[in-house]
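Please look over the model shown below before reading on. The briefing that follows treats one chain, some selected residues and the contact between two chains.

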Amino acid sequence: MPKRPADELPRGAMRAILLSLLADRPSHGYALVQALQKRTNGALTLKEGTLYPALHELEADGLIDASWETSPEGRKRRIYSLTPRGRKEAASWRDRWLAMADLLRDLLVVPHPKPAR
Amino acid sequence: MSFQSLRELQSFVRSLDAPEERREVVEAELLDHFFARIAEGASEAEALAAFGSQEALRIRFEPVERGFVLTRLDAVRDGARVGAAFFGASLCAAFVSGAYWSIWRQVWFAIDGGWHNRLAMEALDYAANFGSLTDGALQIGFAVAFLAWALRSRRWARGMRAEVGAPSLHFGVSSGLGLAAVLVFVPLLERIMGLVHLFTGFLGGELGIAIWTASSILLLLVGPIGARIAPRANA
């Protein structure tokens with residue numbers, strides 16, 4: 001039986017994943033957590049303790065913008081969306097990680113042993 | 001140690017070493033997240049435990065939130081960017097203008113020395129008027145383009161709090177520092193203008209410096225005004 005993927009976010013992938021999720025649609029923090037769990041069937045999770053500092057860092061770097069809205073329950077809620085620079089960065093990160101995935105696949109796939117004569 | 005109560009979470013946020021505006025943002029987001037989890041069926045203890053250790057949260061939040069404050073060092077760095085941008089703009093404007101007048105003179109000499117063509121001479125007159133009118137505009141156009149590129153991702157334009165005062169004052173300080181940096185290197189610029197003259201035959205080296213000086217003063221005056229429109233430019 002294949003091993004389940006790690007339930008911790010891969011190191012260095014946080015920015016790429018957040019930008020990728022926000023490329024789909026503007027979201028607030030909790031919605032991003034749910035979106036990632038849904039897309040990975042629960043294999044990956046975003047910890048609250050790392051999520052919001054990471055979002056604020058992206059905001060400080062000018063890759064995402066934030067605006068306030070009111071949630072259905074009447075609470076103040078912050079919605080994040082990609083800036084034009086953020087869109088370019090998201091595409092760049094996607095290409096880099098996909099290239100890395102291809103490289104690792106070629107490196108780690110064990111060739112089938114040749115049949116004995 | 002994780003949070004034991006909502007009050008402890010709120011107290012934690014108030015104790016963060018971060019600007020007041022940022023503490024409000026952090027509190028609103030953490031509370032929204034907490035109540036969203038409760039609405040999904042989690043208990044208060046589970047929702048609080050999801051935030052993890054208080055110390056780890058502080059270590060992650062504080063450097064990021066403090067980064068939203070503009071410091072004097074930011075103003076100095078932006079001043080250097082403004083100075084370098086304006087310097088580059090002056091060079092580009094001088095070369096483009098010099099090349100234009102050099103070509104103009106070549107054509108003038110060719111027409112005047114060879115054959116008389118009234119239409120061609122009139123066209124050259126129009127070209128000369130166009131060149132004179134656009135010399136100053138060229139300098140300012142390059143300056144605006146270089147400045148927009150140099151400052152395209154500056155955080156101060158995103159409504160951030162500044163140690164040196166409001167973002168508009170930050171821009172003014174940066175512009176002033178940039179101008180001061182450029183003025184210090186005027187003798188160097190004169191040598192460069194001499195090189196421009198050498199390569200392009202442009203006789204107006206002194207004119208170029210005069211245009212540059214006037215544009216520098218204009219830049220210093222519009223600096224604080226520029227900060228007002230910068231948030232829209234960065235949107």
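With which side chain does the side chain of Glu59(A) make a polar contact? The partner is the side chain of Arg78(A), at 2.9 Å, where a polar contact is a pair of N or O atoms within 3.5 Å and, within protein, one atom must be able to donate a hydrogen and the other to accept it, residues adjacent in sequence counting only if both atoms are side-chain atoms. This is a predicted model, in which local features need pLDDT of at least 70 and side-chain atom pairs count only at pLDDT 80 or more, whereas totals for chains, interfaces and linings use all residues. Residues are numbered from 1 along each chain as its sequence is written, chains are lettered from A and ligands numbered from 1 in the order in which they are written, and side-chain values use heavy atoms, with hydrogens and water left out.

**Chain A: elements and surface**

- Chain A holds four helices and two strands, which follow one another from the N terminus as α-α-α-β-β-α; helices (H or I, at least four residues) and strands (E, at least two) are DSSP runs, numbered from the N terminus.
- Of the 117 residues in chain A, 38% are buried, the term buried meaning under 20% relative accessible area, exposed over 50% and partly exposed in between (1.4 Å probe, protein chains only).
- The accessible surface of chain A is about 7800 Å², and carbon and sulfur atoms account for 57% of this surface; the areas come from the Shrake-Rupley method with a 1.4 Å probe, and for residues only the protein chains shown count as cover.
- When contacts in chain A between residues at least 6 apart in sequence are considered, 50% of them join residues at least 24 apart, a contact being heavy atoms within 4.5 Å.

- Helix α1 of chain A (residues 14-24) contains the buried residues Met14(A), Ala16(A), Ile17(A), Leu18(A), Leu19(A), Leu21(A) and Leu22(A).
- The buried residues of α1(A) pack against the helices α2 (29-39), α3 and α4 (84-108) and against the strands β1 (64-70) and β2 (76-82) of chain A.
- Glu59(A), the residue of the opening question, is placed in helix α3 (residues 48-60) of chain A and counts as buried, because its relative accessibility is 10%.
- Asn41(A), in the loop between α2 and α3 of chain A, has a positive phi of about 55° although it is not a glycine, and it is exposed, with a relative accessible area of 70%.
- As background to that angle, most residues other than glycine have a negative phi.

**Salt bridges within the chains**

- Over all chains the count comes to 16 salt bridges, each defined as a side-chain nitrogen of Lys or Arg within 4 Å of a carboxyl oxygen of Asp or Glu.
- Asp24(A) and Arg39(A) form a salt bridge in which the closest N and O atoms are 2.3 Å apart; Asp24(A) lies in helix α1 and Arg39(A) in helix α2 of chain A, so the pair ties together parts that are 15 residues apart in sequence.
- In chain B, the side chains of Arg66(B) and Glu62(B) meet in a salt bridge with an N to O distance of 3.9 Å, and both residues lie in helix α4 of chain B, four residues apart, or about one turn of the helix.
- Arg66(B) counts as partly exposed at 39% relative accessibility, whereas Glu62(B), at 14%, counts as buried.
- A network of salt bridges links Asp17(B), Glu55(B), Arg58(B), Glu62(B) and Arg66(B).

**The interface of chain B and chain A**

- In the interface, 24 residues of chain B are in contact with 26 residues of chain A.
- The area buried between the two chains is about 2200 Å², with 57% given by carbon and sulfur atoms; buried area is the accessible area (1.4 Å probe) that two parts lose on being put together, summed over both.
- The rule finds four salt bridges across this interface, and the count of residue pairs in polar contact, both at pLDDT 80 or more, is ten.
- On the side of chain B that touches chain A, α2 (20-39) and α4 (54-66) of chain B each supply at least two residues, and α2(B) gives the largest share, twelve residues.
- The residues of that side divide into 13 nonpolar, two polar and nine charged, where Ala, Val, Leu, Ile, Met, Phe, Trp, Tyr, Cys and Pro count as nonpolar, Asp, Glu, Lys and Arg as charged, and the others, Gly among them, as polar.
- Glu48(A) forms a salt bridge with Arg37(B), the closest N and O atoms being 2.6 Å apart; Glu48(A) lies in helix α3 of chain A and Arg37(B) in helix α2 of chain B, so the pair joins two chains.
- Glu48(A) counts as buried at 3% relative accessibility, while Arg37(B), at 24%, counts as partly exposed.
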